[in-house]
2 protein chains.
Amino acid sequence: MDKLEIKKIILEMGSQARAAAHALTILSADKKNAILRAMATSLREQEVGILEANAKDIAAGEANDLTAAMLDRLRLDHDRIEAIATGIEEVAALADPVGEVLSDWVRPNDIHFEQVRVPIGVIGIIYESRPNVTSDAAVLCLKSGNATILRGGSEAIHSNKAIALALQSGGEKAGLPANAIQLIPFTDRESVSVMASMDQWLDVIIPRGGKGLIETVVSLARMPVIKHYDGICHTYIDKDADMEMAVAIADDAKTHKPGVCNALETLLVHRDIVADFLPKIADVYQSKGVEMRGDATVLELLGDRASAASDEDWDTEYLDLIIAIKVVDSMDEAVKHINTHSSRHSDCIVTSNQSCAQLFMTQVDSACVFHNVSTRFSDGGEFGFGAEIGISTDKLHARGPMALRELTSYQYRVRGDGQIRATHATT
Amino acid sequence: MDKLEIKKIILEMGSQARAAAHALTILSADKKNAILRAMATSLREQEVGILEANAKDIAAGEANDLTAAMLDRLRLDHDRIEAIATGIEEVAALADPVGEVLSDWVRPNDIHFEQVRVPIGVIGIIYESRPNVTSDAAVLCLKSGNATILRGGSEAIHSNKAIALALQSGGEKAGLPANAIQLIPFTDRESVSVMASMDQWLDVIIPRGGKGLIETVVSLARMPVIKHYDGICHTYIDKDADMEMAVAIADDAKTHKPGVCNALETLLVHRDIVADFLPKIADVYQSKGVEMRGDATVLELLGDRASAASDEDWDTEYLDLIIAIKVVDSMDEAVKHINTHSSRHSDCIVTSNQSCAQLFMTQVDSACVFHNVSTRFSDGGEFGFGAEIGISTDKLHARGPMALRELTSYQYRVRGDGQIRATHATT
C-alpha cells in the first residue's frame with residue numbers, strides 16, 4: 001500500500017476513535033462491564049476462527065524461521081483463548097476508576113471545585129508478537145473509558161484481526177460504541193509514523209515490545225509516550241543486613257524468573273559483610289547455574305567461580321542466569337551506583353537499620369524501591385492493582401506498575417451561581 | 001558558537017543538573033524555604049546590576065524595533081523586581097508537596113506499600129521574552145525539589161543572566177546545591193534541539209511562549225512536554241439560563257481581560273432564548289467595543305451590528321475584543337461544537353437545569369468545565385493553588401492549572417521482612 005493511502009486510512013481511524021471516545025464518556029460502569037462480558041463470550045464462541053487465523057501466523061512464522069520461543073509466544077490454543085476470555089471477565093469485575101472525585105473544595109467566593117477522574121480519550125497501542133495483547137490492552141483501555149487504536153506486529157496479524165473482530169462483534173451487540181476498538185489491518189512500518197504524528201487524535205501512545213520499537217516511537221511521537229525501556233534492577237546488601245534474609249532475597253530476585261523485568265541484574269554488597277555473605281550466595285548461585293561477574297574483591301573472594309565484570313556489565317539487563325556483583329564501601333556508594341546505572345525500575349536494600357533504609361529509599365531515584373522484599377514483587381498483580389498494562393520507567397503521569405487508574409486523566413468541574421472575575425476574584 | 005560546542009556545554013549542564021536533583025531529594029522543607037528567602041534577598045540586593053543588564057536588553061530591543069508591548073514585557077524596574085522577590089517569598093510560604101503519602105496499603109503477605117510524592121528530577125524550561133519567568137519557573141521547580149535548566153529568549157538574555165546569578169549566589173549561601181538552577185548563557189537556536197534530545201538528563205520540558213516555540217519543542221522532544229497551546233474557550237447559554245446571569249458571565253468572560261487564555265472566544269446560544277438573550281449581550285458588547293461575528297441567525301437578529309463569521313472564526317483564539325457567536329438547537333449540538341473546536345482549556349455552561357449541566361460537564365472534553373461561573377476563574381490563583389507555572393492543555397500528568405503538585409512525580413516504597421516471590425506470591 002502506498003504511504004498516502006496508509007496515512008488516509010489511519011487518520012480516518014483516528015477521527016472515528018475520537019468520536020467513539022466521546023461516546024464512551026457517558027457509558028455507565030454497568031454498561032461497560034456488560035460489554036466486556038459479551039466480548040469474553042464472543043471470544044469463546046469464535047475460538048475456531050481465531051485458531052484458524054493463528055495457524056496461518058504459525059505457518060508463516062515457521063516459513064520465516066522464527067525461533068521456538070517466538071513461535072511459542074505467537075501460538076494460541078484452547079487454554080490460551082480461555083485465559084484471554086477469563087482475563088476480560090476479571091477486568092469486568094474490577095472497580096471502575098472513572099468518575100472518582102480525587103479532591104473537592106470551596107473557595108471563599110463560594111465557587112465549588114471538583115477534580116474528577118475521567119478517561120484519557122484515545123490510546124494508541126503499538127506492540128509486537130503476542131496476540132493476547134490485542135485483547136488485554138483493548139480491554140483495560142475500554143474499562144477505563146478509552147478508545148483504542150491497536151497496531152500489532154506482522155507475525156501475529158491474522159490472529160490479531162480475528163481477536164479484534166471477536167471483541168468488536170461481541171461488544172457491539174452489548175452496546176460498544178462503533179470504532180471504540182480498532183485494529184490497523186496491515187503492518188506496514190509507515191503506520192507507526194502516522195500514529196506517532198497524529199496528536200490531534202491520539203492522546204498517548206503505549207509501545208509494548210523491544211527497545212528498537214520503543215526507540216522508534218519515542219523519536220517520532222508528538223504526543224506523550226508511556227514506555228518501559230528496561231529493568232536493570234539492583235539489590236544492595238547493607239552491612240546491617242540479616243544474612244539469611246539477604247541470601248534468600250538475592251536468590252529469589254535473580255533466579256525465580258530471570259527473564260523478566262523485575263529480576264535482579266546487579267548485586268551490591270557492603271564491604272564489611274562481603275566475606276561473610278558472598279560465599280553463601282555464591283553457593284546458591286552456583287547450584288542454580290548462575291554465572292557470576294564481579295569486581296576485584298569478588299574475584300579475590302570467589303576465585304575462578306566468578307569472572308571479571310566489564311564496565312558494560314553494570315549497564316546490562318541480562319534477563320538470564322547471569323549476575324554482576326560489586327562491592328561498595330558505603331550505602332552512599334550503593335545509591336550513587338544505582339542512580340547512575342539503574343533503569344529506574346525497581347531497586348532494593350536489605351538491612352535491619354531502619355534509618356538507613358529510609359535514606360536509601362528517599363535517595364534512590366526509581367519507580368519502586370524495596371526494603372527487605374524481593375524486587376520480584378514489582379508487579380501490578382502483587383501490588384494488588386488487579387491487572388497491569390505495563391510497568392512505566394517514566395516519571396510523568398504513570399510510574400511503576402500501570403493499571404486502570406494510570407489509564408485515566410482528570411478534569412476540573414467548577415460550579416457557581418453567577419460568579420464573575422470582575423467582582424468575585426479572590427486573588 | 002558551533003553546534004558541537006553548544007551540545008557539549010548543554011549536555012554537561014544536564015549531567016550537573018541530575019547530580020543537583022539527587023542532592024535536592026534530601027533537603028528538608030525548612031531548608032528549601034530558607035534557600036528561597038535568601039534568593040529573594042539576593043534579588044533585592046542585586047537590583048542595580050539587574051536593572052543595568054535590563055537596560056542593555058531594552059536598548060537592543062529598541063534598536064531591533066520591538067513593539068511597545070514587547071518592550072513593556074521586557075522592561076524591569078524597582079517595582080517589578082520587588083514583585084519577583086515577593087513572589088519568591090510567597091512560594092516559600094506554601095506547603096511543601098514532597099514526601100506526601102498519596103496512598104498506602106498492606107497486602108495479604110504483609111508487604112507494606114506506600115505511594116509517596118517525590119520531585120520529578122530535572123525540568124527544562126524554554127521561554128520567550130518575560131525575564132520574570134527566569135525566577136518564577138526556577139523557584140516553583142526548586143520548591144518542589146527539582147533542578148532546572150532554563151533557556152530564555154534572546155531579547156532578555158542580559159536580564160535573565162543577572163536574575164539567575166542573583167538567585168544562584170543568594171541560594172548557594174543558604175545551601176542551594178550547586179547547579180540546581182542553571183541558565184543556558186546563550187540563545188542559539190541549536191540549544192533548543194540539544195535540550196529536546198537529552199532525555200537522559202531532562203525528565204520533562206515545559207515550553208512557555210507562542211505557538212511556534214511550542215510546536216518546535218513538541219516536534220523535537222524525546223521526553224514528555226507539558227504544554228499550553230491555546231485557549232479557545234466557549235460559553236454556552238442554555239435555554240434554561242438565567243438571563244441576567246448569562247449576560248454577566250458572557251460579558252466578564254469576554255471583556256474583563258480579553259488578552260488572556262481563559263477569555264471567552266466563542267459564544268454558543270440555544271435557539272429558544274436567542275431572541276431574548278442576544279440583543280441584551282449585544283448592547284453590552286457594543287458599549288465595550290467588542291466586534292461580533294455571527295452565523296445567519298445572529299446576523300438576522302443583530303443586522304449590521306454583527307458581521308458574518310467564517311469557518312476559521314470557530315477555530316480562532318482572538319485574544320482581543322472580538323467574539324464569534326453561534327446559535328445551536330440543543331445542548332448536544334453545543335457539546336459537539338465544543339469538542340470539535342475547543343482547545344480543551346476551559347468551557348462553560350450557563351443553565352438553571354442541574355442535570356443538563358452535569359451532562360454537559362461529563363461530555364465536554366476540556367481541562368476545566370464551568371457551570372454558572374465565568375471561565376476567567378480558570379487560573380491557579382483562583383483555584384487556590386497559590387502559584388501556577390502554566391495551564392496545561394494536555395491530558396497526561398498535568399491538566400489545567402499547574403502548580404507545585406504538578407511539578408512532582410511519585411515513587412512506590414515497599415517494605416517487608418524478607419518476603420520472596422517464590423513463597424509469598426499473592427497472585
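How many bridges join β16(A) to strand β13 (residues 368–373) of chain B? In this predicted model, local features need pLDDT of at least 70 and side-chain atom pairs count only at pLDDT 80 or more, while totals for chains, interfaces and linings use all residues. Residues are numbered from 1 along each chain as its sequence is written, and chains are lettered from A and ligands numbered from 1 in the order in which they are written.

β16(A) and β13(B) run parallel and are joined by five bridges; strands pair if DSSP finds at least two bridges between them. Within this pairing, A:R415 has B:H371 as its bridge partner. Helices (H or I, at least four residues) and strands (E, at least two) are DSSP runs, numbered from the N terminus.

Between the chains, 61 residues of chain A are in contact with 61 residues of chain B, contact being defined by C-beta atoms, placed from the backbone, that lie within 7 Å. On the side of chain A that touches chain B, β16(A) gives the most, with 11 residues. That side of chain A comprises 26 nonpolar, 22 polar and 13 charged residues, where Ala, Val, Leu, Ile, Met, Phe, Trp, Tyr, Cys and Pro count as nonpolar, Asp, Glu, Lys and Arg as charged, and the others, Gly among them, as polar.

In chain B, B:H78 is found in helix α5 (residues 78–93). B:H78 counts as exposed because it has 10 C-beta neighbours inside 10 Å; the limits are 12 or fewer for exposed and 20 or more for buried, with partly exposed in between, and C-beta atoms are placed from the backbone. The C-alpha atoms of B:H78 and B:V48 are 9.1 Å apart, although the residues are 30 apart in sequence.

Technical notes: Contact = placed C-beta atoms within 7 Å.
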